Structures are given as structure tokens and as C-alpha cells.
Amino acid sequence: METILITGGAGFIGSNLVRHLNQKAFRLRILDTLTPQIHGAIPQGLDWLGERNTEFIRGSVTDRRIVETALDGATAVVHLAAETGTGQSMYEVARYNEVNSQGTAVLLDILANSNTRTVKRIVLTSSRSVYGEGAYVCDAGHGRVFPASRPAEQLARHEWDPICHLCKQPLRAVATVETDPARPASIYAATKYAQEDLVRVASESLGINYAILRLQNVYGEGQSLKNPYTGILSIFSTKVRRGVQLGAFEDGLETRDFVHVDDVARSIHQCLITSRQINQVINVGSGIATNVLEIATRLTATLGSRPNIRVTAEYRLGDIRHNVADIDRLRTILEYEPRVGLTEGLERFAQWVLTQPLPEDLLDRANAELRARKLMG
Ligand SMILES: NC(=O)c1ccc[n+]([C@@H]2O[C@H](COP(=O)([O-])OP(=O)(O)OC[C@H]3O[C@@H](n4cnc5c(N)ncnc54)[C@H](O)[C@@H]3O)[C@@H](O)[C@H]2O)c1
């Protein structure tokens, strides 16, 4: 039986992946720090870590000795462990770099220096954030363009859409393809891009098969309800349950590509079992753009509440305006078609949320940290 090391396997995507792989013929080894920001000071609801064929090691991907132990006999690595808050990364630069970039480097360093290397595959969960704003079209005749992140002065004027650098006209978002240029606009994105390069270069030199999955906005059962720095649906769900008004940034019409965690887990599984040599980047999303007002309205209704949503015209520097993935490679290379539509996904998420203890609403505190550093207006 193959042994798969899953770093960060106790987190949102990891726990769903473990549940999925547990039904297959794999031995799983999870390496996770159980970071308090995600799991709370006293981690709870992790009984499944002791399930059959699942071994749990508590420790950090930056700790060489522990990673060496975790890699022992592993045939594949799914590297999920990361710090994941885009806004927070802008003022916790060293921590994000240490966990995301250095953690990946430690893993690869051990593989590069091992005489008894058993690892044949690496799956890295990267992020759509490496594209920055991603792909747009200038309808005034300048074709497909890749705008820089929107400057503070533009956002302060409430001019939300990226503009064409040639004719200064607003641009129209289109699906971003894997071959489009990377243009990270946050420290988080920069560290994810660094992870990609490290995995690609090391794997090619060591003859290890690799897959780099650029995940879009993942949502679903098991997403941390305690972490105010990431996970828009988790954050919104807490506000809805508390009967507090939902604030939609900008004009609420910014779009995201929401992909259910089940589809992400299945895509990772596909990377582990395919006989193809992937060795490339693949977008994992739904291929459908949904704006924030719509997702807020639908989530509120699914949770059985009346809409109480206000467009705040607030903004965060480094946030992208629109995002939708081209998922042609997901279909053709991974032979995977997303299965969980938004209606079903929201239903499943809402049902799970309503079984969870009501968390503290920490969003205002997280936003205050950004404002204090002039990263939010
Ligand atoms: N959730 C999304 O929307 C999304 C989107 C794009 C990419 N991703 C990527 O997917 C991966 C998993 O994301 P997630 O949403 O499950 O996040 P998560 O925060 O729920 O899980 C991350 C896990 O990593 C663990 N961890 C943190 N630092 C660690 C360290 N130093 N050593 C070992 N474990 C550590 C945490 O305790 C946590 O259990 C990340 O690499 C993230 O960048 C997620």
C-alpha cells in the first residue's frame, strides 16, 4: 500500500482530502502544527486523525528533523501546509515566507539529499493569487491584457475596475489560463509562487513527477470558522448566524470562482492516481464567476435568514477585482469535471455550519489590523 504524506492535512482541504483518500487503498501520514489561528488554542473535532491507516505527526514543515521522519517510506507528498491569509501576509512577511517558502525548501532539501528517497510524486496546492489580477480584455481595441494591481489612489476614488494601461478605459474580466503571466500582488501570493518554482525546479532535477494545482476560492464543510483572515463564506456565515449586517467590499460586484472542497479533494486524488506525467500547473476551479453580493445573498438564504447586506465601498490593497479560471487543463490533463454546483455546495456548507459552535466574529479586529497599516480604506 502506498504511503502518502499530507502536510497541513488537519486543515480545511487536508481534512476533506483525508476523508476522501481514506476510502481508497492508501496509508496516510499527516504532518500538521495545528496552528491556533486555524484550530483554536485547544484543537477540537480532530478524532478522525486516529482513524485506520492514518498516522498523525504534530510538527512544522520548517523542522528538518520532523520532516525527515514524516517522509520516511512516503511514496507521494501532498503539500498543503501554509499560512493562507492574503491581507495578514502583508504585515507578517517573515512568518509567511518562513512557513510557505522555507517550509517547502526544507521538504525539497531533504529529498535532494536522501540516498533512500521513496517519493515519486509531489502535489502542491498553489493559488490563483499568483496571477494577481489575471486576464482581462480591453474592448477599446487593445486585446487581452494583464493589468497590475489597482493603485491606492484609484481605489480611493472608488474606481473599482482595472483600467487599460494604453487607453485608460475600464477592462472586462475573462478566464485566466495557466500560460498567462504570474503577477503576485500580495506576500502570500509571492510565497505561493516561490513554492511553485521550488517544486518545479527540484522535481525536474530529481526526476519526481509533480503537479501544481492553482486553487481558486475553495469553500465547503470544514473550513475554519475561527480564522478571520481567510475564507469569505466562513466569515459571512458567522455574521449571518449572529444576525449582524454583512459588509460587501467595493461595490459588491467583484467576482470570484468558488469551487467546492470535494472537487478539490477529488482533483488531488486524481493527481495521485493518474498514469500521466503531469509536470505542469493546472487551475482548479468551477470556471464560473460569481459576484460577492450574489454569494452573500445566496448563503444568507441557504442559512435560512433574511438578507442584511450592505455595500460598504471599503477596500483592501492587494485584493483582486475579478477572478475566474479557465479549467480546460483540469478537464483534459486531469480528466476531471467539477461535480458540486454552487446550490448544492452552499447547501452542504450551510448544513455543516449550523452544526458547529457559534464562533466569535473577529473580522473587525482583522480589518483594524489592516487599517492601522494603511492597507485598507
Ligand atoms: N482554501 C482556499 O481557498 C485555498 C485557495 C488557494 C490555495 N489554497 C492552498 O491550499 C492549502 C491548504 O489550504 P486550507 O484552506 O486547507 O488552509 P488551512 O489553514 O485550513 O490548513 C492549513 C493547515 O496547515 C497547517 N499548518 C500551518 N503551518 C504549518 C506548518 N508550519 N507546518 C505544518 N502544518 C502547518 C495548519 O495547522 C492547517 O491545519 C494551502 O497551501 C493554501 O495556500 C487554499
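Predicted model: local features only at pLDDT ≥ 70, side-chain atom pairs only at ≥ 80, totals over all residues.
**View 1. Helix H8 is mostly covered.** Helices (H or I, at least four residues) and strands (E, at least two) are DSSP runs, numbered from the N terminus. Just after H8, look for Gly 243, which takes a positive phi of about 70°.

**View 2. The largest cavity holds about 80 Å³ of space.** Here a cavity is a set of points on a 1 Å grid over the protein atoms alone where a 1.4 Å probe fits but cannot get out, and lining residues have an atom within 4 Å of a point. Grid points are joined across faces, edges and corners, and the volume is the space filled by probe spheres set on the points. H8 (residues 232–242) gives the most to this lining, with three residues. The lining also includes Leu 225, Pro 228, Glu 360 and Asp 361.

**View 3. The second largest cavity has a volume of about 60 Å³.** Its lining includes Thr 86, Met 90, Ser 186, Arg 316, Asp 319 and Leu 375. In total, the model has three cavities of 30 Å³ or more.

**View 4. The largest nonpolar core has 39 residues.** Such a core is a set of buried Ala, Val, Leu, Ile, Met, Phe, Trp, Tyr and Cys residues joined through side-chain atoms within 4.5 Å. Ile 6, Ile 13, Val 78, Leu 213 and Ile 268 have the most contacts inside this core. Elements giving it two or more residues include strand E1 (2–7), helix H1 (12–22) and strand E9 (209–215). Helix H9 supplies the largest share, six residues.

**View 5. Ile 268 is in contact with Leu 17, Leu 80 and Val 123, among others.** Contact means heavy atoms within 4.5 Å. Leaving aside neighbours within four places in sequence, the partners of Ile 268 also include Ile 13, Val 78, Thr 125 and Leu 213. A second, separate core of 26 residues includes Leu 31, Ile 66, Ile 122 and Ile 212.

Definitions and conventions. Residues numbered from 1 in each chain as written. Heavy atoms only, no water. 1 Å grid on protein atoms, 1.4 Å probe; cavity = no way out; pocket = protein on both sides within 12 Å on 5 of 7 lines; lining within 4 Å. Buried < 20%, exposed > 50% of the residue type's maximum accessible area, 1.4 Å probe, protein only.
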